[in-house]
Amino acid sequence: MRRELYSASYSTWIPCRLLLLLVLFPLLSIQASSPPPLNQHTNQEYKEAAAAARNLAQEIPESPEVHCSRERSRAAWKIIEEYLKPFVEQEQYQISKSCRLHPDNDMFREQEQHKIHHDINEWRCGFCRKSFRAEKFLDQHFHNRHNNLLNDTQGRCLADLCGALHCDVTMESKLPKRKCNPAAAARNHHLCESLADNCFPINEGHSASRLHEFFLRQFCDAHTCTGKQKPFPRGAKKETSVFFLAISILILMLLPIFYVLVYLYRREMKKGVQDLKRISQTGRKLKPS
């Protein structure tokens with residue numbers, strides 16, 4: 001009896017299951033063909049955008065980080081030009097490229113030479129001719145667009161020599177004066193002496209020997225905490241302004257004209273005096289006795 005009931009229920013369950021599949025199959029196919037929900041679209045677009053950004057980052061190389069202060073390097077080079085270069089040129093001495101003061105050992109030198117200063121608020125890039133309102137924006141442009149021109153190798157950061165060259169004295173900063181540190185003064189003095197020995201070896205002739213002595217007096221003697229010695233006691237390069245040159249040329253051109261006018265004036269005055277004398281003499285002759 002139980003077996004018959006089981007066979008009867010089994011025979012009725014199979015057609016019901018087939019009927020249920022026939023009803024649900026179209027619904028499943030419609031759902032499978034329907035577009036994914038909005039959040040699935042968003043996730044897919046986000047993944048595609050992230051992949052594109054990764055590919056773009058791989059195509060555009062990042063600018064290497066430069067561990068050298070451009071501002072302090074500029075100050076060091078200005079000191080070299082004003083307080084050292086004129087005396088080196090006077091001695092007609094050629095600084096070796098092994099000397100850290102040589103222009104080739106300044107990583108920013110090529111970029112600095114391609115700065116065009118048209119006006120107080122106009123700076124132009126010499127590579128791509130773009131204009132900027134201030135020098136700091138041009139420096140940032142060099143870092144972003146022309147960083148491949150830097151040779152960031154050891155020994156080419158001129159800012160590392162600022163301690164020996166007294167950059168803090170010449171930089172336009174309003175930082176309060178700090179108390180002299182004897183250890184720092186000793187380090188800077190040692191660095192300064194090593195520059196003198198390397199750039200102006202005393203065994204290379206009289207010019208090198210004189211410049212070696214000059215460098216010690218000009219830069220190294222002031223690295224003490226006594227305050228007795230001041231940096232750059234031999235002075236700096238005297239810059240000749242364009243205005244001074246124009247005035248000098250104008251004076252030289254007008255000076256001959258001035259002398260000509262003075263000569264003509266004195267000649268006329270002399271002639272006038274002679275005429276007066278002649279008139280007075282004639283009057284005396286005509287006067288009755």
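Visitor: Is Ala 186 buried, partly exposed or exposed?

Guide: Burial is read from relative accessible area: buried means under 20%, exposed over 50%, and partly exposed in between, with a 1.4 Å probe and protein chains only. Ala 186 has a relative accessible area of 48% and is therefore partly exposed. The model is a predicted one, in which local features need pLDDT of at least 70 and side-chain atom pairs count only at pLDDT 80 or more, whereas totals for chains, interfaces and linings use all residues. Residues are numbered from 1 along each chain as its sequence is written, and side-chain values use heavy atoms, with hydrogens and water left out.

Visitor: Where does Ala 186 sit in the secondary structure?

Guide: Helices (H or I, at least four residues) and strands (E, at least two) are DSSP runs numbered from the N terminus. Ala 186 belongs to helix H9, residues 182-199. The protein chain as a whole has 11 helices and 3 strands, in the order α-α-α-α-α-β-β-β-α-α-α-α-α-α from the N terminus.

Visitor: What share of the contacts in the protein chain between residues at least 6 apart in sequence joins residues at least 24 apart?

Guide: A contact means heavy atoms within 4.5 Å. Of the contacts in the protein chain between residues at least 6 apart, 66% join residues at least 24 apart. As for burial, 23% of the 289 residues count as buried.

Visitor: How many aromatic pairs does the structure hold?

Guide: Rings of Phe, Tyr and Trp (its six-membered ring) pair if their centres lie within 6.5 Å; planes under 30 degrees apart count as stacked, over 60 as edge-to-face and the rest as tilted. The structure holds 8 such pairs. One of them joins Tyr 83 and Phe 232, whose ring centres are 3.9 Å apart and whose planes meet at 15°, so the pair is stacked. Tyr 83 lies in helix H3 (residues 70-83) and Phe 232 in the loop between helix H10 (206-220) and helix H11 (242-286), so the pair ties together parts 149 residues apart in sequence. Tyr 83 is buried at 16% relative accessible area, and Phe 232 is buried at 10%.

Visitor: How are the rings of Phe 215 and Phe 219 arranged, stacked or tilted?

Guide: Their centres are 4.7 Å apart and their planes at 40°, so the pair is tilted. Phe 215 and Phe 219 are 4 residues apart in helix H10, and therefore about one helical turn separates them. Phe 215 is buried at 0% relative accessible area, and Phe 219 counts as buried at 1%.

Visitor: Which residues form one aromatic cluster?

Guide: The cluster consists of Tyr 83, Tyr 93, Phe 200, Phe 215, Phe 219 and Phe 232.
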